[in-house]
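Here are a few exercises to work through with the model open in your viewer. Try each task before you read its solution.

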Amino acid sequence: MTVQEFNDAAGNLERVVLSGPESASVEIYVYGATVTSWKSASGSERLFVSRQAVLDGSKPIRGGIPLVFPQFGPGILPQHGFARNQRWAFLGATEHGAGVAATFELRDTPETRASAWPFRFVLTYTVDLTAHTLSTIVKCENADERAFEFTALMHTYFGVGDIGRVVVEGLEGVAYDDKVSGEVGVREARGEVGVAANEDRVYRDVQGNVVVRERGGASVEVRRFNFKDVVLWNPWEQKAREMGDFADDEYHRMVCVEAGTVASSIALKPGQTISCGQLLTAQDAAI
Ligand SMILES: O=P(O)(O)OC[C@H]1O[C@@H](O)[C@H](O)[C@@H](O)[C@@H]1O
C-alpha cells in the first residue's frame with residue numbers, strides 16, 4: 001500500500017493518492033477535500049468527474065465526492081456552503097490491516113467568520129480505502145461559544161456506463177421533495193428508481209441502505225452514518241448544456257446519489273461533536 005502526494009505548479013500540495021489492496025485506489029484533492037477517483041479492487045473507476053471539471057482551485061470540482069457544508073443548496077451562503085471550495089490541511093495517512101486511510105482538516109477562517117455562518121468549527125475528514133469499500137466520514141466539532149446548526153452532504157457522482165440501465169434501490173415508500181416539479185412529500189412507489197429526465201429529489205429520512213445498480217453491470221451500496229437523507233440528481237440534457245464545467249453528453253455517464261442531512265439540520269452545542277458519513281461498497285459482478 002502506498003501514499004503519494006502531488007504538488008501543483010506553485011509547489012503546494014494538490015492531491016493525495018492512496019493505493020490499497022489489489023488495484024484499489026483513491027485520489028483526494030486538498031481543494032474541498034474532494035475525492036476525484038475511487039477504484040475498487042478490480043481497478044474499475046466508480047466515480048464520475050467531468051472532462052470539463054476545473055481542477056485549479058478556482059471553483060468546486062464537478063464530480064467525485066464534493067463535501068457540502070455547512071449549507072446544502074441555496075441559502076444564506078453561496079450554493080452548497082464553503083467547505084467544497086476551501087483548501088483543507090492534509091494531516092497524514094495511515095495503513096491499517098485492511099487498507100489505508102487519509103485525514104484532512106478544515107477550520108474556520110477570517111473569511112468564514114465574516115460570512116453569514118460565522119461560527120468556529122473543526123472538520124476532520126477521514127477517507128478510508130479497503131479492497132472493496134471507500135468510507136468518507138466527517139467529524140464536526142463546534143469550537144464556538146454559541147450553538148450552531150448546519151446541513152451537510154457527500155455529493156457523490158457515481159460513474160455509470162449508460163444511465164438508461166441504472167436503478168437506485170432502497171427508496172420505496174420514502175417521502176421525497178421534488179425540486180424539479182416543486183411537489184413536497186411525494187411517496188416513492190418504485191422499488192427500482194430509474195433516471196430518464198432532469199431529477200433533483202431529496203428523499204427524507206431514508207431508513208435502510210441504498211444501492212446504485214447498473215443492470216448487467218456493477219453496483220455500489222451506500223450505507224449512511226448519522227445522515228438522514230438521500231439526494232438523487234441528474235441534470236439531464238438541457239441543464240447539462242447550461243453548465244460550463246460539464247460536457248453536453250455527460251449526463252448519460254453519471255448519477256448523483258448523495259448521502260446527507262439536508263431536509264432538517266444538525267444542531268451542535270459548544271464543545272459537541274458529531275461524525276457523519278458514508279460507506280460505499282463496490283460489487284463488480286453483474287447481477
Ligand atoms: O452545480 P452545483 O452547485 O454543484 O449543484 C449541483 C446540484 O446539486 C444537487 O445536490 C442539488 O440538489 C441540485 O439542485 C444542484 O443543481
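Two strands pair if DSSP finds at least two bridges between them. Strands (E, at least two residues) and helices (H or I, at least four) are DSSP runs, numbered from the N terminus. Bear in mind that this is a predicted model, where local features need pLDDT of at least 70, side-chain atom pairs count only at pLDDT 80 or more, and totals for chains, interfaces and linings use all residues. Residues are numbered from 1 along each chain as its sequence is written.

**Exercise 1. Work out the order of the open sheet formed by four strands, and find its edges.**

Step 1: The order is 1-2-3-4, with antiparallel pairing.
Step 2: Strand 1 (2-7) and strand 4 (34-39) each pair on one side only, so to speak the edge strands.
Step 3: Going from one strand to the next, the twist averages 15 degrees (axes are lines fitted to C-alpha atoms, for helices over the stretch in contact, and angles run from 0 to 180 degrees between N-to-C directions).
Step 4: Now zoom in on strand 3 (residues 25-29), which pairs with strand 4 in the antiparallel sense over five bridges. Opposite V35 in strand 4 you'll find I28.

**Exercise 2. List the residues around the ligand and sort them by class.**

Step 1: Those around the ligand are P60, G73, Q79, H80, H155, K179, D200, V231, W233 and E258 (near means a C-beta atom, placed from the backbone, within 6 Å).
Step 2: Sorting the shell gives three nonpolar, four polar and three charged residues. Here Ala, Val, Leu, Ile, Met, Phe, Trp, Tyr, Cys and Pro count as nonpolar, Asp, Glu, Lys and Arg as charged, and the others, Gly among them, as polar.

**Exercise 3. Sum up the whole protein: how many helices and strands, and what share is buried?**

Step 1: There are two helices and 21 strands.
Step 2: Of the 287 residues, 44% count as buried.

How values were computed
Buried ≥ 20, exposed ≤ 12 C-beta atoms within 10 Å, placed from the backbone.
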